[in-house]
Structure formats: C-alpha cells, structure tokens
Amino acid sequence: MSFWIGGLSAVLVFGSLLVLIRMSRFTDIQGFALRHRIWIYGFSIATTTFGVAQILSAAKEDVFSIQELIMTAALVAIVCLIVLLPVVLLWPSRKFSPAEASQSLLRAPGFNKRATSAKQQGGAGGEQLDTENPEHNLLLELPRMIRRFERALLGSKITIFAQDQDLSYTWIHNAPAGFGAAAVIGRKDHELLPLETALPLIEAKRRSLEEEKPQRIETTVEIDGVEHCFDVNIEPMYDEGGMLDGIISIAVDITEQKESESHLRLITREVNHRLKNLLAVTQAMARQSAAYAKSPDEFIESFVGRLQGLAQSHDLLVQEAWRGGSLVELINGQIGHLLPATKTQIILVGSDLRLSVDATQNIGMALHELATNAAKYGALSNPQGKVKISWRKVEDSGNQAHLHLQWSENGGPPVKPQSKKASAMPSCRK
C-alpha cells in the first residue's frame with residue numbers, strides 16, 4: 001500500500017512541477033489575471049508539498065506530525081525556488097501561431113458579435129465566418145482591415161513606405177505624383193531624389209537602423225515643378241522572429257503649413273513696421289497740436305480730431321485688407337463729420353482712383369486738416385461757401401503716375417493776414 005501511495009505521490013509531484021514551469025513562461029494575447037496565476041501557483045506548491053510528504057511517509061511507513069509537515073513544506077518551497085528560478089529565466093517564451101492569434105481575436109470584446117452577424121449575413125465577399133476555423137476567419141477579416149486602411153489614407157497627404165536594410169524600397173502606399181510603386185520599388189533614395197535632398201534622408205534612416213530608434217526629419221522634394229515640404233517619421237521594422245528587417249516611414253506633406261507659417265511671419269513683420277510708422281505719425285500729430293494750441297482744451301480738441309481722421313483712413317485700409325483705398329471713399333470718410341449739413345456745399349470732380357497704403361494715410365490726414373480748417377475759418381463756416389475737390393492722374397516722362405489734387409474754396413469769409421506764429425509754419429506743396 002505504501003508503495004502505491006508513494007508512486008502516485010511522485011506522479012503528483014512531477015505533474016505539479018510541470019504546471020509551475022509551464023505557467024511561469026506561459027503568455028497569451030489576453031493573458032491570465034494575476035489572481036488566477038496565484039491560485040495555480042499556490043495549488044501546485046501545496047500539491048507538491050503533500051506529494052513529497054506522502055513519499056517520505058511511505059518510506060518511513062509512518063504518519064507525519066504537524067511539525068514534520070511544516071518543515072517538509074518549508075524544505076519543498078526552498079527547493080522549488082532553487083530549482084524553478086533558473087528554469088523560469090532560461091525557458092524560452094511561448095510563441096503563438098496565426099491560428100492561436102486568430103483564436104484570441106475571436107475572444108476579443110465585440111468580435112463575437114461581428115462574427116455572429118457576419119455568419120448570418122455572410123462574411124467578406126459573401127464568405128461566412130466559422131468559429132471552428134479561426135485561421136480562416138483571420139483571412140476573411142484581413143481584406144476588410146486593408147480596405148479600411150486605404151480609405152483612411154485616401155485623399156490625405158500622408159504617404160507610408162517601407163525599406164529593407166539596404167534602404168531599397170519594398171512597399172509604398174498613397175504616394176505623391178511621380179513616386180508610385182512602379183517608379184519606387186527596388187530603388188534607393190539617391191536614385192529617386194537629388195543628392196542634396198537624398199543624403200540627409202539616408203543619414204537619418206541609417207541612424208534609425210543602427211540605433212534601432214525612431215528618427216524624424218523635414219525634407220523638401222520637387223513634384224511637378226513645385227517644391228513640397230515633408231515631415232518624415234522613420235521607425236525600425238522587425239520580422240516575425242523579432243529580428244531587424246528594415247524601416248517603415250510616414251511622410252506627411254506640410255507644404256501648406258509651412259506657407260502659412262511664412263505668411264504669418266511676413267504679416268507680423270508688416271504689422272510691426274506699420275505700428276512703428278503709426279506711432280511716429282501720432283507723435284508728430286501731438287507735437288503739431290501742441291505747437292499751435294492756446295490752451296489744454298484746444299490741444300485736446302485738435303489732437304483728438306486728428307486721431308479720428310487717422311482712424312478713418314485706417315478703417316478704409318482694413319476694409320480693403322491693406323491693399324490701398326478708394327480716393328472717393330477716403331474723401332467721404334474725412335469730411336463725414338461735416339455732413340450732411342454741408343453736403344450741398346462740397347463738390348467732387350474726378351474719376352475714382354486707387355491709392356497705395358502710404359498715400360491713403362498721408363492724403364487722408366491732409367484732407368482732414370483742410371476740412372477742419374474750412375469748417376472753422378473757411379468756406380464751410382457759413383451756408384454760402386462752396387468747396388470744390390478735383391483730382392486727376394498725371395504721368396511724367398518716365399511713365400511714373402502722380403496724383404494732382406486741388407482743394408478750392410469760394411464764398412467764405414475774407415482771408416485774414418497770417419500771424420507771425422502761423423507764418424513760421426512750413427509751407428505745404430500740393
């Protein structure tokens with residue numbers, strides 16, 4: 001009897017040890033929860049302890065006491081650690097076949113519902129998924145995934161390509177014009193691109209292969225006579241055995257982004273220039289207003305009026321996206337504070353002209369000064385006065401265009417002699 005008990009216990013110990021070794025190196029796509037592994041380890045160690053105790057008990061033909069059982073358990077645990085630890089570290093990891101991978105795919109959340117629906121309605125191309133043949137199911141699912149991948153990239157500016165360790169192209173998808181599979185597969189960068197473009201790319205790709213780390217680089221490629229900028233992300237690629245097999249890269253066309261950044265920098269510089277110019281003009285207006293103001297109130301009135309005139313010119317420029325302004329709109333804006341009471345007193349003669357940005361700002365300030373002066377002291381200070389504004393474009397001998405603008409007042413009060421202070425003002429040529 002002791003012989004049979006000892007033999008069965010030895011088989012139990014051997015089986016438990018195999019379970020421990022197998023479980024220690026067993027990996028699955030979904031894996032075992034930690035609590036399941038603890039239960040299996042604990043049960044196997046307990047069974048091993050019980051088996052060893054039975055073997056020793058059979059050898060002694062006696063029953064173990066509690067103390068002997070505890071000592072035996074401790075001894076078994078120490079032996080298991082000593083024996084199993086190197087085995088766990090050296091035992092090769094479990095690799096899965098495509099059938100096992102597809103079986104795990106079937107166990108994934110939501111896949112069973114898709115499989116059931118496909119089985120009822122038909123799988124890809126009218127095929128039906130078969131839960132008994134997961135490898136077949138994976139083959140049916142693969143074309144769908146490829147089609148989703150192609151639709152995701154369709155119309156995008158993303159190109160994906162792969163190269164072997166010699167940096168020869170092996171695959172490309174969603175390539176730009178002139179770089180399709182027929183023109184690229186089997187060739188290298190220096191055969192497809194100018195040398196100054198290819199060399200930085202080749203260096204980054206070789207670095208990715210040597211260091212087995214992702215690399216990123218921006219490059220410019222000429223396509224149909226137009227330069228395109230690409231952001232290229234390079235990553236090492238491995239085969240099924242985990243060995244380095246080449247690189248896979250994603251190139252994103254960022255030409256529009258670069259153009260937007262360049263345009264934004266240009267606008268920033270232009271705004272900075274115009275802001276400095278505006279501050280200089282404002283400073284000059286403040287000095288001019290202060291030089292001829294007899295009181296703080298007069299200074300404020302004069303300075304604020306000039307600021308409003310400058311603001312009118314800038315409003316016109318903003319409406320026209322800083323491409324210049326209409327002369328008629330500029331005149332109406334600068335004399336708007338005089339209308340409609342004096343609308344019949346102002347006569348405009350001339351065809352509308354397009355002014356440059358600087359001309360719009362400078363002529364606007366001049367018109368504001370003339371209109372304000374006419375309203376206070378000139379023809380617009382009484383109902384009988386008239387103001388005639390006429391203009392024409394004149395071209396000199398060098399075909400350079402100039403604006404000839406004339407401001408005429410009639411019916412106003414008699415002109416008073418200029419004061420000494422006023423005579424000190426610089427004359428203004430028209």
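Student: Which residue forms a salt bridge with Glu270?

Tutor: This is a predicted model, where local features need pLDDT of at least 70 and side-chain atom pairs count only at pLDDT 80 or more, while totals for chains, interfaces and linings use all residues. Residues are numbered from 1 along each chain as its sequence is written, and side-chain values use heavy atoms, leaving out hydrogens and water. A salt bridge is a side-chain nitrogen of Lys or Arg within 4 Å of a carboxyl oxygen of Asp or Glu. Here Glu270 pairs with Arg274, their closest N and O atoms being 2.7 Å apart.

Student: Where do Glu270 and Arg274 lie?

Tutor: Both are in helix 10 (residues 255–292), four residues apart, about one turn of the helix. Helices are DSSP runs of H or I with at least four residues, and strands are E runs of at least two, numbered from the N terminus.

Student: Which distant parts of the chain does the pair Glu320 and Arg354 link?

Tutor: Glu320 forms a salt bridge with Arg354, with the closest N and O atoms 2.8 Å apart. Glu320 is in the loop between helix 11 (296–319) and strand 6 (325–326), and Arg354 is in strand 8 (residues 354–355), 34 residues away.

Student: How is empty space found?

Tutor: Rolling a probe the size of a water molecule over the atoms shows where empty space is left.

Student: Which residues lie nearest the centre of the largest cavity?

Tutor: They are Phe161, Tyr169, Phe179, Val221 and Ala251, among 18 lining residues. A cavity is a set of points, on a 1 Å grid over the protein atoms alone, where a 1.4 Å probe fits but cannot get out; lining residues have an atom within 4 Å of a point.

How values were computed:
1 Å grid on protein atoms, 1.4 Å probe; cavity = no way out; pocket = protein on both sides within 12 Å on 5 of 7 lines; lining within 4 Å.
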